[in-house]
Amino acid sequence: MKNYPETLISNPLFKNIKSEELPLLLNCLSARIRVFEKNSYIFTEGDTLTHIGIIVSGRAHVIKDDHWGNRAILSDLSDGDLFGEAFAFAGEGISPVSVISISKCEVLFIDYTKIMHTCISPCSFHSEIISNLVKILAQKTVMLTQKMHFITQKKTRGKLLSYLSAQKERTGSNTFVIPFNRQELADFLSVERSAMTRELCRIRDEGLLEFRKNRFTLK
């Protein structure tokens, strides 16, 4: 990890930490990078979590599969995103979800106990890391609340329109690209794919939107 990518240098977890301090910081946190091929499990439901992860490059999904093989996508992870931290710091240490790579992924793993417990020779950046982590957890709580708004809509149409409206607000543009294909979007919104596709076509035929693959324009 001698040449650090921008996704690490500018990562919110390392905010207010100088780039020249990063090697010392990562060494202090026992950080290591692993590479996962596409469709590999980064960790699985029931695993004991000893580390939190940061996506250095690539994409992954946080998923939950039920007994009958139905899959729900809880969140989409891309460059710079942190995962596993809520479950690790909850004290249980057992993951209730799985994380699977959607493309080839480089993942930086950090021993979470090293974040909470300072070194024998205390590092100045420990307080910054903890403060940054609290902010990240708060932001994720806001995002979870937003997702709950999507999936608690009674009809597929409402779920689609609330999700797409949120993407418009997030990007500041009527035209945007979402990170999901059709099956992934259905899994994210907890709807049946064919019913969702039919509803998308109805909304398009009503002149409310246009779409091609994962690119949408709201009218």
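This is a predicted model: local features need pLDDT of at least 70, side-chain atom pairs count only at pLDDT 80 or more; totals for chains, interfaces and linings use all residues.

Reader: Let's start with the rings. How many aromatic pairs are there?

Author: The structure has eight aromatic pairs. Take phenylalanine 36 and phenylalanine 109: their ring centres are 6.2 Å apart and their planes meet at 70°, which is over the 60 degrees needed, so this pair is edge-to-face.

Reader: Where do phenylalanine 36 and phenylalanine 109 sit in the chain?

Author: Phenylalanine 36 is in strand S1 (residues 32–36) and phenylalanine 109 is in strand S8 (residues 105–111).

Reader: Nice. What about phenylalanine 150 and tyrosine 163?

Author: Those two form an edge-to-face aromatic pair, 5.5 Å centre to centre with 90° between the planes. Phenylalanine 150 lies in helix H5 (residues 126–151) and tyrosine 163 in helix H6 (residues 156–171), so the pair ties together parts that are 13 residues apart in sequence. Both residues are buried.

Reader: Which residues make up the aromatic cluster?

Author: Phe150, Tyr163, Phe180 and Phe188 form one aromatic cluster.

Reader: Switching topic: how do strands S10 and S11 pair?

Author: S10 (residues 209–212) and S11 (residues 215–218) pair in the antiparallel sense, over four bridges. Phenylalanine 211 stands opposite phenylalanine 216 in S11. The hairpin has two residues between its strands, and lysine 213 there takes a positive phi near 55°.

Reader: Which residues make the nonpolar surface patch?

Author: Met116, Ile130 and Val134 make that patch, which covers about 250 Å². Isoleucine 130 lies in helix H5 and is partly exposed, with a relative accessible area of 32%.

Reader: Last topic, then. How many salt bridges are there?

Author: The count comes to nine salt bridges. In one of them, the side chains of arginine 59 and aspartate 76 meet at 2.6 Å, N to O. Arginine 59 is in the loop between strand S3 (51–57) and strand S4 (60–65), while aspartate 76 is in strand S5 (residues 71–77).

Reader: Which residues are linked in a network of salt bridges?

Author: Arg157, Glu199, Arg202 and Glu206 are linked that way.

Technical notes. Residues are numbered from 1 along each chain as its sequence is written. Side-chain values use heavy atoms; hydrogens and water are left out. Rings of Phe, Tyr and Trp (its six-membered ring) pair if their centres lie within 6.5 Å; planes under 30 degrees apart count as stacked, over 60 as edge-to-face and the rest as tilted. Buried means under 20% relative accessible area, exposed over 50%, partly exposed in between (1.4 Å probe, protein chains only). Patches are made of residues with over 30% relative accessible area and no salt bridge: like charges are joined within 9 Å, nonpolar side chains (Val, Leu, Ile, Met, Phe, Trp, Tyr) within 5 Å. Accessible areas come from the Shrake-Rupley method with a 1.4 Å probe; for residues, only the protein chains shown count as cover. A salt bridge is a side-chain nitrogen of Lys or Arg within 4 Å of a carboxyl oxygen of Asp or Glu. Two strands pair if DSSP finds at least two bridges between them.
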